[in-house]
Amino acid sequence: MPQPIQLKDHEKDARLVRRRVYVGLAVVMAFFGVLAARMYYLQVVQYDYHSTLSESNRVHVQPIPPTRGLIYDRNGRIIADNRPSFSLTVTRERAGDWRGVLDTVVEVLGLTVEDRQLFEKRVLQGRRPFEPVPILFELSEEQIAHVAVNQFRLPGVEVAAQLVRHYPQGMHFAHSVGYVGRINEQELKALDPVNYSGTHHIGKTGIEKFYEDELHGKVGYEEVETNARGRVLRVLKRTDPEPGNDITLTLDLQLQEAAEAALGGRRGAVIALQPSTGEVLAMVSQPSFDPNLFVTGISFKDYGELRDSIDRPLYNRVLRGLYPPGSTIKPAMAIAGLDAGVVTPTSRVFDPGFYQLPNVKHKYRNWNRGGDGWVDLQTAIMRSNDTYFYDLAHKLGIDRMHDYMSRFGLGQRVALDLNEETGGLMPSRDWKRARYRQPWYPGETLILGIGQGYMQATPLQLAQATSLIATRGKWVRPHLAKSIGGRPAVDPEPMPDIELRDPRYWDLAREGMEMVLHGARGTAKRVGDTAAYRIAGKSGTAQVVAIKQGEKYDSKKLDERHRDHALFVGFAPADDPQIAVAVMVENGESGSGVAAPVVKQVMDAWLLDEHGQLKTEFTPTLSAEASPR
Amino acid sequence: MTASFDPTLSSEDVLRRRASFLQRIHLDATLLILLLVLGAVGLFVLYSASGRNWDLVSKQAVSFGLGMAAMFVIAQFEPRFMARWVPLAYLVGVGLLIVVDVMGHNAMGATRWINIPGVIRFQPSEFMKIIMPATIAWYLSRRALPPSLKHTLVALSLVMIPVLLIMRQPDLGTSLLILASGAFVVFIGGLRWRWILGAVTALVPVAVGMWFFALHDYQKQRVLTFLDPESDPLGTGWNIIQSKAAIGSGGVFGKGWLLGTQSHLDFLPESHTDFIIAVLAEEFGLVGVCLLLTVYFLLIARGLVITAQAQTLFGKLLAGALTMTFFVYVFVNMGMVSGLLPVVGVPLPFISYGGTSLVTLLSGFGVLMSIHTHRKWIAQV
């Protein structure tokens with residue numbers, strides 16, 4: 001059947017379009033009617049309301065900043081709170097000639113030209129019209145009185161009360177909790193302008209920065225009617241701000257103080273973890289500084305002193321200090337060697353006081369030049385025998401060593417909520433090729449076996465590696481926040497636990513570490529002898545300057561600041577670890593002599609009661625029933 | 001004038017002989033007068049809204065002149081000529097939008113501009129405001145009306161490609177206008193009512209379902225703030241609160257030219273661009289707003305007359321869509337400033353400051369004039 005030829009029916013099309021045009025016209029008329037009605041409603045029905053607002057008064061929307069969440073230690077003691085403080089604000093639109101007003105402020109309060117420049121910069125940072133911009137903080141009673149007396153000369157200038165961050169514990173938590181400071185221009189660009197419209201401070205470092213979103217809260221606002229001079233006449237509408245979440249930390253104020261006391265004024269770092277939970281119990285980087293200085297803007301002079309001090313108080317040694325782990329890495333190396341099958345629990349190495357690679361003249365020396373004779377794994381850990389670990393490292397090889405040490409957290413950031421942490425370095429063939437364009441040399445593997453060479457770790461990483469031995473490989477990232485607004489911290493990318501071919505390998509290394517303090521020839525026997533409980537630990541030394549082949553390390557010849565750093569890691573009680581500690585004493589020279597007593601003092605503070613007895617909750621028989629602290 | 005046109009005349013020569021001078025140079029007197037009135041009003045209001053900024057006003061005047069020139073040139077082209085080249089222009093336009101998209105992402109920020117330094121700098125999305133309805137009109141005018149389901153779907157996909165690209169820029173206002181311009185072609189082409197109703201009734205459950213199952217809380221919050229800006233008085237809502245106060249305080253007769261207070265005291269951001277109607281409403285009152293609405297209405301009415309009288313289907317569809325899009329411009333802008341609609345960046349035609357939008361709008365009217373003054377009795381399909 002032939003298809004009928006479809007002709008375009010122009011008349012029909014035109015009719016169709018014309019009908020649609022009528023519909024369109026009706027729509028346009030209806031919607032324009034709506035617009036006219038809306039304008040009528042606003043301009044006639046609501047005229048009185050709007051004209052009152054606009055003629056004699058003005059409507060303003062004022063942000064109400066939320067109260068920043070508080071920070072507590074694990075026992076509920078305040079670490080960061082908010083304190084009322086008076087600041088001087090300028091509203092540019094009300095000041096008229098605001099530059100002239102600033103001159104008057106400087107004159108009235110007897111300030112300097114630099115202050116004047118700072119004020120001008122702060123005023124220009126104001127973000128919305130009619131926003132009072134704070135220019136001077138922490139006004140004294142006297143300053144407030146001066147402003148009040150001269151108020152007639154200071155249009156647009158007001159004294160405003162606001163809550164400002166305060167750190168009652170001063171220096172104790174400057175390196176962990178951090179501090180807040182004034183929002184700078186760079187931060188301003190990245191911020192949600194609405195939520196921060198009433199906020200002048202933001203977390204700059206530490207917990208204050210990491211949990212900024214939680215601590216800040218949600219801005220509130222009020223619509224207010226003001227008179228022409230800016231005085232608020234009445235509040236039309238108010239939405240309360242939502243205060244920020246409180247954070248309870250895992251840190252313990254008493255332990256923190258004890259750890260600082262244990263360092264005894266020396267430069268260094270202490271970090272204490274609870275192995276089973278990853279909670280950071282104490283975190284010390286000495287010397288420290290007063291975070292309160294930074295809150296309302298530190299003076300150039302104070303900042304210069306902190307920055308230029310040879311003791312580097314601003315330097316976070318726990319998170320950013322990188323040290324060769326030295327012999328503290330040996331227990332982990334031993335576990336790697338056992339699991340890879342290159343050594344066995346009973347295999348022995350003869351130590352004549354040095355180690356030589358086949359066909360190479362170079363002698364890799366044991367610290368004990370005389371040699372320890374035949375050593376097995378546990379003796380090697382107890383004696384910190386370098387020769388045994390040269391041999392182990394040579395057999396293990398760099399590739400497997402890199403894999404094992406990475407699983408212990410070396411060469412990567414291990415913490416959950418510590419922004420400042422650096423990853424350290426666990427070298428590999430690829431790294432060396434990329435970094436130096438050179439192949440890997442076997443000798444470099446040897447010195448890695450005793451924690452020297454390219455390897456670098458932070459005290460936090462050393463503590464975590466030790467904690468992993470204490471938990472037999474169970475990974476929990478170290479963290480500072482115990483609960484945020486009542487919720488526990490969540491690890492978005494948990495590390496896989498370390499699984500060994502035979503779990504008894506853990507025990508071998510742990511027993512070796514216990515022998516360091518309690519064995520007859522243990523390197524830290526003097527410290528172990530005084531302990532009321534069993535400690536498993538390992539000393540280490542981090543070289544500051546390299547010693548030439550054949551030369552002997554002589555501390556007396558060296559400048560004090562070039563002496564070796566002393567390291568010690570450990571956990572206790574050895575059979576039921578409750579605390580893992582890593583200590584680094586800058587230029588302390590002797591791991592077992594200087595750092596080990598610090599570790600023991602920190603453990604004592606955590607584990608012992610006032611009678612010098614192990615607290616009941618930590619005694620093995622009761623540990624199952626005891627409630628966790 | 002145009003009203004005296006007699007459809008029984010069958011030769012262009014006769015038409016030419018009887019046509020006025022304006023018709024011979026392809027301009028439509030009614031449209032021209034209304035446009036000049038709007039242009040003048042716009043400059044007056046802008047002078048006040050910009051805080052007596054002569055530079056701004058003279059720049060706007062120059063843009064208006066350029067737009068008039070563009071309108072004049074475009075009016076000289078026959079609609080048949082436009083229909084021939086529109087598919088190519090569409091492809092070029094989409095290509096440029098993709099270029100902008102890629103460049104924008106490489107520059108790690110949103111950009112709407114094609115910029116060849118020293119040569120040319122323009123927004124491809126503005127270009128699409130005219131190409132879009134022309135493309136759909138070209139496509140549908142070659143098919144039987146009302147469009148079949150297949151042709152409707154093809155037309156809508158042609159619309160959605162540039163719309164989605166522009167939404168990504170992100171420029172919600174422009175993408176909505178382009179969506180409207182394409183959709184109006186299909187509507188005027190006689191899209192069946194039951195399909196329209198069907199689509200609307202199908203969208204409701206989908207939207208409700210998305211709301212309850214697909215959207216996160218923060219996304220819901222964003223939608224709510226968008227629909228009700230006054231719930232966010234520190235962000236967009238601030239503009240609305242202030243613009244409502246400005247409009248409302250104008251009353252019936254207004255405070256007088258240059259005498260508005262709300263809009264001059266830095267209360268009203270963007271007072272010379274998207275929110276300029278608040279200035280006009282404050283200074284000229286309800287009377288001024290209604291007069292402006294009347295002028296807009298006359299323009300739209302004239303556009304619809306041209307639609308009805310157009311001889312080719314392409315001309316009808318294109319004229320109708322351009323006219324209705326112009327209406328959307330006006331309605332969306334005034335609706336958002338008076339707090340009826342969510343805030344999307346749509347300027348008020350001929351009044352808001354902005355050269356690009358002026359030139360585009362006047363070009364659109366150039367197309368309308370071309371359609372109206374190139375009529376021959378034999379239809380060009």
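Before anything else I wrote down how angles work here: axes are lines fitted to C-alpha atoms, for helices over the stretch in contact, and angles run from 0 to 180 degrees between N-to-C directions. I also noted that this is a predicted model.

**Entry 1: a helix across a sheet**

With angles sorted, I went to helix H19 (residues 459-470) of chain A. I found that H19 lies across strand E11 (268-274), E19 and strand E20 (579-585) of chain A. Its direction makes an angle of about 150° with E20(A).

Next I traced the sheet in chain A. I read its five strands in the order E12-E11-E20-E19-E18, and the sheet is open with antiparallel pairing. Which strands sit at the edges? I got strand E12 (279-286) and strand E18 (536-542) of chain A, each pairing on one side only. Neighbouring strands of this sheet are turned against each other by 10° on average, direction ignored.

I zoomed in on one pair. E18(A) and strand E19 (residues 565-572) of chain A run antiparallel and are joined by seven bridges. I checked one residue too: A:Thr541 has A:Ala566 in E19(A) as its bridge partner.

**Entry 2: the two chains**

In chain A, 43% of the 629 residues are buried; in chain B, 48% of the 381 residues are.

I looked at contacts with a separation of 6 or more as well. Residues 24 or more positions apart make up 73% of these in chain A and 72% in chain B.

**Entry 3: where the chains touch**

I counted 40 residues from chain A and 47 residues from chain B in the contact. On the chain B side, helix H8 (172-188), helix H11 (236-250), helix H12 (276-309) and helix H13 (313-337) each supply at least two residues. Which helix gives the most? I found that H12(B) does, with 11 residues. I sorted the chain B side by type and got 30 nonpolar, 13 polar and four charged residues.

**Entry 4: a closer look at H13(B)**

I wanted to check the length of H13(B). At 1.5 Å a residue, its 25 residues should span 36 Å, and the end C-alpha atoms are 36 Å apart, so the two agree. Is H13(B) mostly covered or mostly open? I'd call it mostly covered, with 23 of its 25 residues buried. Just after H13(B), I spotted B:Gly339 with a positive phi of about 85°.

Methods:
Residues numbered from 1 in each chain as written. Chains lettered and ligands numbered in written order. Predicted model: local features only at pLDDT ≥ 70, side-chain atom pairs only at ≥ 80, totals over all residues. Contact = placed C-beta atoms within 7 Å. Helix = DSSP H or I, 4+ residues; strand = E, 2+ residues; numbered from the N terminus. Nonpolar A, V, L, I, M, F, W, Y, C, P; charged D, E, K, R; others polar. Buried ≥ 20, exposed ≤ 12 C-beta atoms within 10 Å, placed from the backbone. Expected span 1.5 Å × (residues − 1). Pairing = 2+ DSSP bridges.
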